[in-house]
Amino acid sequence: MTVAATPLNLRSQRKPKGEGHARRAEILAAAERIFVEHGYEGATIRKIADEVGLSSTALYMHFAEKGEILHEICRQAFAALLEMNQSIVAEPGGPEARLRRMLRAYVDFGFANPNAYRLIYMTRPVELQHGALSAAQELGGGLYRSFEAVVEDAEAAGLLRGDARTTAQALWAGCHGVVSLVITKPYFDWVERETLVTTLLDGLFAGLLKP
């Protein structure tokens, strides 16, 4: 299951009031880019407002301060990933098949939503203190536990070479590595993405799971 990013025309002119949820979504999409490009301290309400064609006063009608914007970006990203995990758990198949689908969905999400991914998984803790720390700890923790539970199912079925805790962390670290490298080093001469991800997952499963 893949969550695709929605392209937006971020540099718009001043727009009329009353667009509600669509306007909030536009603000969040613009803020993702600005937080990544300028960092938390460098991202200002004025910059975000200018990007979506609003006055700063109008933006404050949607969000009280930039920490609230960062928190909402993180909350939505973790919620989307958790929903994907829950859907995969509900699908038929054994723990190994569910693990592979879950990891693939995680990687696909990162590639489709690079700015959100960088904010939730590659932001310095000092910046998360400004509003996203609770989302990272609570929603992020819940997301990881939903993944770890499937690894524990694999352990109970006798599929693991090692223990569930170590295996879960190794699988996550491997998938995070490919996402973070590809989205931060686009200039590298990467092989075709599908081939890269499939090769990584095949290698991880061959090393960590029993044949």
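Tyr-117 and Tyr-121 share helix α6, sitting four residues apart, or about one turn of the helix. (Helices here are DSSP runs of H or I with at least four residues, strands are E runs of at least two, and numbering starts from the N terminus.) This is a predicted model, so local features need pLDDT of at least 70 and side-chain atom pairs count only at pLDDT 80 or more, while totals for chains, interfaces and linings use all residues. Residues are numbered from 1 along each chain as its sequence is written, and side-chain values use heavy atoms, with hydrogens and water left out.

**Overall layout**

- The protein chain has 10 helices and zero strands.
- Of its 211 residues, 41% count as buried, where buried means under 20% relative accessible area, exposed means over 50%, and partly exposed is in between (1.4 Å probe, protein chains only).
- Take the contacts (heavy atoms within 4.5 Å) between residues at least 6 apart in sequence: 71% of them join residues at least 24 apart.

**Helix α6 and its tyrosines**

- Ala-116, Tyr-117, Leu-119 and Ile-120 are the buried residues to look at in α6.
- They sit on the same side of α6, because they cover an arc of only 165° around the axis; that arc is taken from the directions from the helix axis to the C-beta atoms.
- As a reminder, an α-helix has 3.6 residues a turn, so residues three or four places apart point the same way.
- Tyr-117 is buried at 0% relative accessibility, whereas Tyr-121 is partly exposed at 21%.
- The rings of Tyr-117 and Tyr-121 make a tilted aromatic pair, 5.0 Å centre to centre with 45° between the planes.
- For that label, rings of Phe, Tyr and Trp (its six-membered ring) pair if their centres lie within 6.5 Å; planes under 30 degrees apart are stacked, over 60 edge-to-face, and the rest tilted.
- Asn-113 is buried, with a relative accessible area of 15%.
- Asn-113 and Ala-77 are 36 residues apart in sequence but 8.9 Å apart in space, C-alpha to C-alpha.

**Aromatics and charges**

- The aromatic pair count comes to nine.
- One aromatic cluster takes in Phe-78, Tyr-106, Tyr-117, Tyr-121, Tyr-144, Phe-147 and Trp-172.
- The charged end of Lys-66 sits over the ring of Tyr-40, 4.4 Å from its centre.
- Arg-100 lies over the face of Phe-205, at 4.5 Å from the ring centre.
- The rule for these two is NZ of Lys or CZ of Arg within 6 Å of the ring centre and within 35 degrees of the ring normal.

**Nonpolar core**

- The largest nonpolar core has 57 residues, and Phe-35, Ile-69 and Phe-147 touch the most other members.
- Such a core is a set of buried Ala, Val, Leu, Ile, Met, Phe, Trp, Tyr and Cys residues joined through side-chain atoms within 4.5 Å.
- Helix α4 (residues 66–90) supplies the largest share of this core, nine residues.
- Leaving out residues up to four places away in sequence, Phe-147 touches Asn-85, Leu-99, Met-102, Leu-103, Ala-168, Leu-171 and Trp-172.

**Helix α10**

- The 16 residues of α10 (residues 193–208) should span 22 Å at 1.5 Å a residue, and the end C-alpha atoms agree, being 22 Å apart; the expected span is 1.5 Å times one less than the number of residues.
- Val-197, Leu-201, Leu-204 and Phe-205 are buried in α10.
- The buried residues of α10 fall within an arc of 95° seen down its axis, so they line one face of the helix.
- Their cover includes α5 and α9 (164–184).
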